[in-house]
2 protein chains.
Amino acid sequence: MKEQKIPKETIKRLPLYYRCLNRLVVLGKDTLSSTELSEYLGIKPTQIRKDLSYFGDFGTRGVGYDLRKLFKEIESILNLERSWNIAIAGVSNIGCAIMDLLDFNHSGFNIVAAFDSDNRVVGSNIYGITIQDLDNLKECTADEPIDIGIIAVDPVDAREVANCLVDKGVKGIVNFAPTLLNLPKEIEVVQMDLTSELGWLVFYIGHR
Amino acid sequence: MKEQKIPKETIKRLPLYYRCLNRLVVLGKDTLSSTELSEYLGIKPTQIRKDLSYFGDFGTRGVGYDLRKLFKEIESILNLERSWNIAIAGVSNIGCAIMDLLDFNHSGFNIVAAFDSDNRVVGSNIYGITIQDLDNLKECTADEPIDIGIIAVDPVDAREVANCLVDKGVKGIVNFAPTLLNLPKEIEVVQMDLTSELGWLVFYIGHR
DNA sequence: TTTACATTGTGATAACAAACACATAAATTA
DNA sequence: TAATTTATGTGTTTGTTATCACAATGTAAA
Ligand SMILES: NC(=O)c1ccc[n+]([C@@H]2O[C@H](COP(=O)([O-])OP(=O)(O)OC[C@H]3O[C@@H](n4cnc5c(N)ncnc54)[C@H](O)[C@@H]3O)[C@@H](O)[C@H]2O)c1
Ligand SMILES: NC(=O)c1ccc[n+]([C@@H]2O[C@H](COP(=O)([O-])OP(=O)(O)OC[C@H]3O[C@@H](n4cnc5c(N)ncnc54)[C@H](O)[C@@H]3O)[C@@H](O)[C@H]2O)c1
């Protein structure tokens, strides 16, 4: 291992390794080779080893990796040892699906607040979280800091909501609305955009 | 313009250009420079010009691009002139959100079938589509071919459903379940995976 | 018509990422 | 204990993508 700039693509693969390892731990496996992992993930073993080597020498030559140890290492690299507070804006289909997903997985991502502008849902309780009015987002002084905001509101409202979330101090945003957000560059933004994905998908499907 | 391999990253940006252009057309704009588009999208103007130049000379030097013409060109490149038939598997939160989104946008993506295994929803009608039992997916001889399948079922069922969809002849799959699909390589797969995205997001948020 | 200016298209270069070849080291076998 | 096998870690090479510099070409003003 050598100090070196770590490719973004490497970081993006780590969560895949992490989840796969997690499942194998649950299945009671002990040791794992890069070749075996590569068969599960469809990622070449040399790629996996190179990715891991940016962070340390986790394996044993001739043997492979200690599954639990490697899992813990990746957990630590990704900052998944601590838990992260999440606020959800827009508690309709997508918003509920996410509350469902994160609550069920108790994955270290805690939903600490949920907001909606629809009076019919404000005040109701989902998974132990009381849905607040969006104005509360603007004004509330949260007990716990919110680390990440997830936007699942109507596309026309996404930008305003994003700005509110940034004002509240979130460091990252996941945006399900097909709306480009113009945020300070220190805020990490993940755009989950079905229509765009379909767009490039049909390019490739059509060219065969 | 010259015959040349087109970067995948270029293809992935085209839908962003496409949507932005669409909005500007609606706003009644006529002409657009790469610099202006770059301000909307946060993509460098040279990048935009290079991307477009793989497909032809669409602009006029000193002037810019004819908005409508460029829009039509990109539509044609991405194969969005024709419409695409989509089947949805799993009509719960995510499935409904997608039916909602695609139905509302009438975007050239037509939902022609929807499947679920839950007897309580099978037979009910959403947006004019009757939810069918998953067994129907295995047996039905569809009137219209299904081009793309969207998977929004429970993670443990995703693989089986994916195989059914492939048997039915889909050329591409969008998978919302956090499950890796092992499909023939000629099937294009888009993995929409919130947990993985959160994984790499917190890496970067944590390292500041 | 000439000059100044705006904007595109592209070859060349730089930055980034993946793949490869092989040195290294542990385990197993003879 | 030597030879063989297995599997990691990494410097080098190859491939891909972004950026840059600038020639080409159009518009508008002098
Ligand atoms: N990325 C994807 O895969 C994908 C798929 C489907 C839909 N979407 C998008 O996700 C978003 C949510 O879709 P949906 O079907 O779950 O929701 P929806 O469109 O049914 O409703 C949006 C919800 O947000 C609330 N809302 C609207 N404005 C708000 C505001 N300013 N503050 C707080 N809450 C507000 C509404 O009251 C409603 O509950 C939409 O933008 C949609 O286009 C994305
Ligand atoms: N990518 C993301 O952003 C994201 C976010 C939230 C949830 N998810 C995932 O999306 C999927 C759907 O989540 P949800 O909350 O909409 O649904 P859900 O988990 O509430 O229910 C799944 C639906 O699929 C149906 N189903 C289950 N097995 C099926 C089968 N074999 N054939 C047909 N239908 C079947 C069920 O009857 C139910 O209607 C889950 O896998 C979830 O983990 C993804």
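**DNA strand D**

I began with the atoms of DNA strand D within 4 Å of the protein: 71% of them belong to sugar or phosphate, and the rest to bases. A reminder to myself that this is a predicted model.

I then asked which of the 26 residues around DNA strand D come nearest. They are A:Met1, A:Ser34, A:Arg61, A:Tyr65 and B:Arg13. By class, I noted six nonpolar, nine polar and eleven charged residues in this surface.

Next I looked up individual contacts. For a base, I found A:Lys50, with a polar side-chain atom 3.2 Å from a base oxygen. Elements giving two or more residues to this surface include helix 3 (45-53) of chain A and helix 1 (8-26) of chain B.

**Ligand 1**

Which chains surround ligand 1? I found residues from both A and B, so the site is shared between chains. Among the residues that come nearest are A:Ile94, A:Asp116 and A:Met192.

I listed three polar contacts here. A:Ser92 places a polar side-chain atom 2.9 Å from a ligand oxygen, A:Val153 has a polar backbone atom 2.6 Å from a ligand oxygen, and a polar backbone atom of A:Ser117 is 3.1 Å from a ligand nitrogen. The protein covers 88% of the 840 Å² of accessible area that ligand 1 has on its own.

Lastly, helix 5 of chain B gives the most to the shell, with three residues.

Note on methods. Residues are numbered from 1 along each chain as its sequence is written. Chains are lettered from A and ligands numbered from 1 in the order in which they are written. This is a predicted model: local features need pLDDT of at least 70, side-chain atom pairs count only at pLDDT 80 or more; totals for chains, interfaces and linings use all residues. Side-chain values use heavy atoms; hydrogens and water are left out. A residue is near a molecule or strand if one of its heavy atoms lies within 4 Å of it. A polar contact is a pair of N or O atoms within 3.5 Å; within protein, one must be able to donate a hydrogen and the other to accept it, and residues adjacent in sequence count only if both atoms are side-chain atoms. Accessible areas come from the Shrake-Rupley method with a 1.4 Å probe; for residues, only the protein chains shown count as cover. Helices (H or I, at least four residues) and strands (E, at least two) are DSSP runs, numbered from the N terminus. Ala, Val, Leu, Ile, Met, Phe, Trp, Tyr, Cys and Pro count as nonpolar, Asp, Glu, Lys and Arg as charged, and the others, Gly among them, as polar.
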